[in-house]
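These are my notebook entries on a single structure. I record below what I looked up, entry by entry.

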Amino acid sequence: MISNWSNLVARRDLVRELTLAQLRSESQETRLGWLFWLVDPLIMMLIYWGVVVGIFGRGEQYTPYPVFILCAMLPWKHFTSAINASAKILRGRDALIKSIPFPTIVLPLTIVFAGFSNFLFGTVVLLATAVAFDRPLGMPLLQLPLLMLLQLVVVCGFSLGVACFGALVRDLSGFIGHLTRIGFYVSPVLYGVDMVQDRFLSGPLGKLPFAEWIPTLYMLNPFAILFTGYREALFYGRMLEPQYWALLTVEAAILLFGGWRLYQYFDRRVIKFL
């Protein structure tokens, strides 16, 4: 069955059931069950807080660092878990794909939606941490629903493309971990975009050719804008600048359209490789 929009809408119940099945499967893998989705971001936050602040003595300009790091870690984990699983999802479900006619695009989408549910649990931890550290929460929180929607669109776009190539290239999943690790350090997860601007505009890297363009080019990374948006809303208590909203919206639309078209192009070809 072709993975087009009408078939996807007609099988929306299948998407919901597979997403719930994925969540139930994940909760049954741990003794804590659903509670693990609350404990997991806390553990991640404590590890990076201990390493960056406790061991390396960095991050004093981002105090309280637990709120700062969670604003980036939660959406980044959603992204990495989605594309890691998407790279293997079609090969892992080859028997199901060959036995039952259904739009296979529901499989990577299920992964994205299940990961987004985990992200929402993590957001509860993030909000509680922001309150505990007395961050200036208020009107900027209204940005969160739109940031989450754009995050979902961005992750969907990446995951659809990765799912196709994961079926065509057997070893792709082995490289995804290395690529996301590079992306983790290139993106402003452990630091803020202000550090990039300082280094290239007035710091030791300011003498490099075209150094003044690098902070602008850096913000083309959709995750740089996403992390900045969450930090503006929950850490600084400010509104994200309008040009970044516009850029992120355009990038999210391009990524989703590109991922969708790529999946449709390889849809029937992928089955031959399974």
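Is C71 buried or exposed? I noted first that the model is a predicted one. C71 is buried, since its relative accessible area is 0%.

Entry on cysteines. I asked how many disulfides the count comes to. The count comes to 0 disulfides. I then looked up C164 and its closest cysteine sulfur, which belongs to C156. The two sulfur atoms are 13 Å apart, and this is too far for a bond, because a disulfide requires a pair of cysteine sulfur atoms within 2.5 Å. I also looked up the accessibility of C164, and at 0% relative accessibility C164 is classed as buried.

Entry on the surface. I looked for a nonpolar patch and found one formed by V39, I43, I47, V51, I55 and F56. Together these residues have about 550 Å² of accessible area. I took V51 from this patch for a further look. V51 lies in helix α3, which covers residues 36-55. Its relative accessibility is 31%, so V51 counts as partly exposed; the partly exposed class lies between the buried limit of under 20% and the exposed limit of over 50%.

Entry on T180. I located T180 in helix α8, residues 172-186. I recorded T180 as buried because its relative accessible area is 10%, and the limit for buried is under 20%. Which residues does T180 touch, leaving aside those up to four places away in sequence? I found W76, T80 and I83 in contact with T180.

Conventions:
Residues are numbered from 1 along each chain as its sequence is written. This is a predicted model: local features need pLDDT of at least 70, side-chain atom pairs count only at pLDDT 80 or more; totals for chains, interfaces and linings use all residues. Side-chain values use heavy atoms; hydrogens and water are left out. Patches are made of residues with over 30% relative accessible area and no salt bridge: like charges are joined within 9 Å, nonpolar side chains (Val, Leu, Ile, Met, Phe, Trp, Tyr) within 5 Å. Accessible areas come from the Shrake-Rupley method with a 1.4 Å probe; for residues, only the protein chains shown count as cover. A salt bridge is a side-chain nitrogen of Lys or Arg within 4 Å of a carboxyl oxygen of Asp or Glu. Helices (H or I, at least four residues) and strands (E, at least two) are DSSP runs, numbered from the N terminus. Buried means under 20% relative accessible area, exposed over 50%, partly exposed in between (1.4 Å probe, protein chains only). Contact means heavy atoms within 4.5 Å.
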